[in-house]
Amino acid sequence: MNAPLLSLALKSLINRKATAILTIAAIALSVTLLLGVEKVRSGARDSFANTVSGTDLIVGARGGAIQLLLYSVFRIGDASNNISWQSYEELRAWPEVAWSVPISLGDAHRGFRVVGTTAGYFEHLRYGRRQALSFDAGQPFADLFDAVIGADVARELGYVVGDRIVLAHGAGAFAVQSHDDKPFTVFGVLARTGTPVDRSVHVSLAAIEAIHVDWQSGRPPRPGQAVSAEAARAMALQPKAVTAVLVGLKSRMAAFAVQRRVNTYADEALLAILPGVTLQQLWDAIGGLEKALFAISVMVVVTGFMGMTAVSLGALNERRREMAILRSVGARPREIFLLLVVESGGLAAVAAAVGAAMLYGGIWLARPFVQSQFGFHLPAGGLSAYELALLGLVVLAGCASGALPAYLAYRRSLADGMAVRR
Amino acid sequence: MRILVGMTLIAMTTAAAASGPAAATERREHGAHRHGHATLQAALDGGQLEIAVEAPGMDIVGFEHAPGDDAQKAKIAAALRRLGDAGAMFDLPEAAGCALTEAEAEQEALADAHGQKADAADHTAFHAHYGWTCAKPEALQTIRVRYFEHFPGIAEIDAAVIGPSGQTAQELTPQSPQLQF
Amino acid sequence: MEPECQSAVIQAEGLRFRWREGEPDVIAIDSLEIRRGEAVFIAGQSGGGKTTLLNLLAGVLKPTAGRLCVLGADLAAMPNARRDRFRSDRIGFVFQSFNLVPYLSLLDNVLLACRFSPRRRERIAAAGSDPATEAARLLARLGLDVKALAGRDVARLSTGQQQRVAVARALIGRPDLVICDEPTSALDADARDAFLALLNAETAAAGATLLFVSHDRSLAPAFDRTIVLSDINRPGEAKR
């Protein structure tokens, strides 16, 4: 590549600003889409993988394995059935079980899920590389109406230790039945984990019982039948059921045996999953869609380049004179070819850079939404080797799509020589 | 971005719904019974390695009814002998220094759809269980599973692996028979 | 063994050219010689092989047969890449119109000739100047003020101005031969005469040989010698 050629290509592109900018915009958008698909894919995978670390088994009511994984760990979707407290007590006593953390889902606080659990949650739950949860402020709940909130809950709602909050029945931001007769006190704020824990409000299992103690078949108490918070304290708040149980084993070797034992449990239809294995099945299941999305984004990139080729071909006729002048001052046909390839490659390189920049802008804009809707953190991070390779391919594709008009120009300049009649 | 994430969510929920019942029972002992498909469970903790395999009778001996004659009985006995030969079924890396501690194989009639064991079994399965103690478990990166070579009826093995780096699901085929830890 | 190329600027013998095998010749010149320092007018109608002859002289096309020496070099025997380099070093061109690359500035259009030719740059350096200064000097000699016209889109220059820029580009770095292809046909009579005078003067000052091709025979008196293309190019006649 020689310098005069590069400067010629640059000046020629600047001369056709409007076309160049439109071409760059079209390709940059397609590049953003291409990288976005990849970012969301890898972000979801990493984030989900980070969330299940350290739990050997998850036990829930018999149903879909992936469904159990999604609602118990990622707080996506809802359980169709619960596990009886009795089954949980029996399971917890098995000799292979090192620890077990029951969770009870179904309530919400201003769009954040409420998790009824035990203090063991803060002790045993792991995320990322088997890191334990830690507290930014306060500590695990002690009183019946204490709540421990995740980092996002604290940040988005501006809560600090000591604030009073009211839970609502049912998940979702617009849950109407509120438990306003039994307010909670924020007792602890967890440090950020990048997992759905950040978006959870944790209370004790007994508290979940307490706020529903006067409810009848899932309906709020009729007037005159309400039980006050103080009265609830005096009642037996033994949970009757939990949604799922996270289980840690003394030895990994036992995982398959315990899983089998849960799945063949005679007294209740239960399901135990190995979270890592089920997560893999989830990815296998949506792998086809990932491929389809990737294929679509590749098609969009290709469309962008076809547009560029069309524009370049269209300009070829009016550039015939220019090519003849270049030939007359000694440009070789090969250099004419290179000039057009460099122009296309240059446009593609700029488009790739702009596309990557737009991606980060997009991530920055979409992150809160993704975090709140899907509970995973979109990583900004640098470009991975794979993404850089994709960008490299985009630039190569740019050069390749410049090759057709370049070849035509090459052929013409051989035939025309320096004599083009206008 | 929104659309992307939305589509991912749709995919997840569809996947959850679609694969629900199948995935739920797949891990159950006598759940899914698909000819050509075997399941394998491998766990490695400290120096201890255990592998359990379940394969449909059809893929091991070519029939699943109770043995009708001496030839079929002999066939089952030979298959059990072969399954019990851990050295023939797996290639473990020498460097790991693994010593076989147990290897056993049995044939079992499967519960039918109604959960009752069928006496005149329509479906049978072979079970094999192997254990090793390894001096250098960190050298156990991959294990070559040789079931495909001995039992051509097996086209695919769904493997669940628990190792030092966590849990994974792997799919083994005659083309890629390596179990990864 | 063919005779060596002589010192003449152009020397052709038995020159033949046809586009494809089996097609008739478009160029059949038995003999042509142009000496160093001459200003030669070649009179030719369009369709008379004029363009093809220029492309042959420029080394863009390769003769089908015969010998063609340009500035002492046997063009027919030269590899493609070297012919391109040769053209860029030794020959300057001025076309009928649209001589300028639209996206380059006035100065860059003149300097374009130096970009592809190290020899032209060396010659300017040997004369104790640099390309930009030399370009400005030539443009000034041709009546164009670089400073006043800087920043002006070259497509907005008048045709006469554009042609003079093309002359500056042809002359920069002192090539040995300047070939003009109908450079005046887009000019009105006054501009044409002024242009011819300038072209002749500057070519002579640069010590270059001038080859001026036109269909307009009224221009002939401005030159040392006139060659009528149809007299020397006889493609219709039987081959030897």
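**Exercise 1. Burial in chain C**

Find what share of the 240 residues in chain C is buried, and describe the fold around them.

Step 1. Apply the cut-offs: buried is under 20% relative accessible area, exposed is over 50%, and partly exposed lies in between, with a 1.4 Å probe and protein chains only. Buried residues make up 54% of the 240 residues in chain C.

Step 2. Note the model type and conventions. This is a predicted model, where local features need pLDDT of at least 70, side-chain atom pairs count only at pLDDT 80 or more, and totals for chains, interfaces and linings use all residues. Residues are numbered from 1 along each chain as its sequence is written, chains are lettered from A and ligands numbered from 1 in the order written, and side-chain values use heavy atoms, leaving out hydrogens and water.

Step 3. List the secondary structure. Chain C has 9 helices and 9 strands. These are DSSP runs numbered from the N terminus: helices are H or I with at least four residues, strands are E with at least two.

Step 4. Look at the contacts (heavy atoms within 4.5 Å). Of the contacts in chain C with a separation of 6 or more, 74% are between residues 24 or more positions apart.

**Exercise 2. The interface of chains C and A**

Determine which three residues of chain C supply 30% of the area that chain C buries against chain A.

Step 1. Size the interface. Chain C and chain A bury about 2500 Å² between them, 61% of it on carbon and sulfur atoms. Buried area is the accessible area (1.4 Å probe) that two parts lose on being put together, summed over both.

Step 2. Name the contributors. Phe95(C), Tyr103(C) and Phe116(C) supply the 30%, more than any other three residues. The contact takes 29 residues from chain C and 28 residues from chain A.

Step 3. Check the ring of Phe95(C). Arg321(A) lies over its face, at 4.6 Å from the ring centre. The criterion is NZ of Lys or CZ of Arg within 6 Å of the ring centre and within 35 degrees of the ring normal.

Step 4. Count the salt bridges. There are 2 between chain C and chain A. The criterion is a side-chain nitrogen of Lys or Arg within 4 Å of a carboxyl oxygen of Asp or Glu. One of them joins Asp84(C) to Arg327(A), with the closest N and O atoms 2.9 Å apart. Asp84(C) is buried because its relative accessible area is 4%. Arg327(A), at 2%, also counts as buried.

**Exercise 3. Aromatic rings in chain A**

Classify the ring pairs of Trp85(A) with Tyr88(A) and Trp94(A) with Tyr265(A).

Step 1. Rings of Phe, Tyr and Trp (its six-membered ring) pair if their centres lie within 6.5 Å; planes under 30 degrees apart are stacked, over 60 edge-to-face, and the rest tilted. The whole structure holds 20 aromatic pairs over all chains.

Step 2. For Trp85(A) and Tyr88(A), the centres are 5.0 Å apart and the planes at 55°, so the pair is tilted. Both lie in helix H4 (residues 85-92), 3 residues apart, about one turn.

Step 3. Trp94(A) is buried at 8%, and Tyr265(A) at 14%.

Step 4. The charged end of Arg261(A) sits over the ring of Trp94(A), 3.9 Å from its centre.
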